[in-house]
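Me: Can you walk me through this one? I want the sheet and the helix packing.

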Amino acid sequence: MQFASINGVTLHYQLIGAPEGKPILVFANSLGTDLRIWRDVILRLVGDFAVVTYDMRGHGLSDLGTPPYSINDHVDDLAGLLDYLEVKSAVICGLSVGGLVAQGLYAARPDLVRALILCDTAHKIGTAETWAARIAAVERDGIASIADSIFRLWFTPAFHAQRREELAGYRNMLVRQPTDGYTGTCAALSGADFTAAAGRIAVPTICIVGDQDGSTPPDLVLQLAKLIPRSRYEVIKDAAHIPCVEQPEALSAVMRAFIDEFQLGEKS
C-alpha cells in the first residue's frame, strides 16, 4: 500500500507504472466508495497506461481531515497528490463526485489535465435541500439506514438479482465508511457547481453514463456534455451509477476508443 501526506491529510493511493512514454490515467472515486471500484477497469488497461488511483479524504484508507469539506478540498488533494508523484498532463477519469473533482482540477490546474473522462456525473449534482436531507438522515440513523435506497440508484435490478455476493461486499464498503467522511463529502457536493466552468473546458472530454443510472441519469449527463465544447457522450447499456463495477469491459472499451480517437495513447 502507498500513502502520502497531502495538505495535512494522509491519502491512500496506488501508482502502477508502465513502459516509458505511456500516458497516465488517473481515477477518482465516487461518494461512499474507494479506489477498489476501479479494479476491473484498471486490469483491462494496465500495461498500456500508467495508472494513479486513490481514496478521497474521508474514504477508504485515507485520513478524515476536517469535515465538512468543500469541493476545493478534494480538488486540492488530487492536485497535491499529482504534484507529489510528479505527474503532468494526465487523462483524468472521475465518477460522480470524482467527476466534479476532475472538472475542478481542470479549472484550477489545467497543466495537470490532458483529457477528461467524466463518468456518471454532472456540472451540478442535486440541490442544497436534497444534500441537507441526506446529511440529516445519516447523522441521525447512520449510513446503513440509507444503504438500500442508495443501492437502487447504484446498481441495476439485474445486478441485485444475479450478483448478490458482490452487492453485499459493496454494501460493506459503503456502510463501513466514516460517517463524517460521508457527510463531509455530501457537503462538498452540495456546494459544487461547475455550470459556468464547463463551457471553458478545452481538452478532449467524454461524458459517460449507465443507461439505468438513478443518481445522475442520462439526461443530466447529456446536459453536461452539451455544456462542454466538442465533448463526446456515450451511454453504457445494462449499467446504473457505477459502470466500472457493473460493466467494466464495456466502459474500458469506450475509454480506449476515446483515447484512440484523440491519440491520447501517445505521449504529448
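Reply: Below are short notes on the sheet, then on the helices. The model is predicted, with local features needing pLDDT of at least 70 and side-chain atom pairs pLDDT 80 or more, while totals for chains, interfaces and linings use all residues. Numbering runs from 1 along each chain as its sequence is written, and side-chain values use heavy atoms, without hydrogens and water.

Me: What's the strand order in the open sheet?
Reply: The eight strands run β1-β2-β4-β3-β5-β6-β7-β8, with mixed pairing. Strands are DSSP runs of E, at least two residues, and helices are runs of H or I, at least four, numbered from the N terminus. Two strands pair if DSSP finds at least two bridges between them.

Me: Which strands are the edges?
Reply: β1 (2-6) and β8 (232-236), each pairing on one side only. Twist averages 25° from one strand to the next.

Me: And β6 with β7, in what sense do they pair?
Reply: Parallel, over four bridges, between residues 113-119 and 205-210. Ile 117 has Ile 206 in β7 as its bridge partner.

Me: Switching to helices: at what angle do α2 and α3 pack?
Reply: About 70°, with the axes of α2 (71-84) and α3 (97-108) 9 Å apart. So α2 is roughly perpendicular to α3 (65 to 115 degrees). Axes are lines fitted to C-alpha atoms, for helices over the stretch in contact, with angles from 0 to 180 degrees between N-to-C directions.

Me: Which α2 residues meet α3?
Reply: Among them are Ile 71, Val 75 and Leu 78, and the α3 side includes Leu 100 and Gly 104. Contact means heavy atoms within 4.5 Å.

Key:
Parallel < 35°, antiparallel > 145°, perpendicular 65-115°, else oblique.
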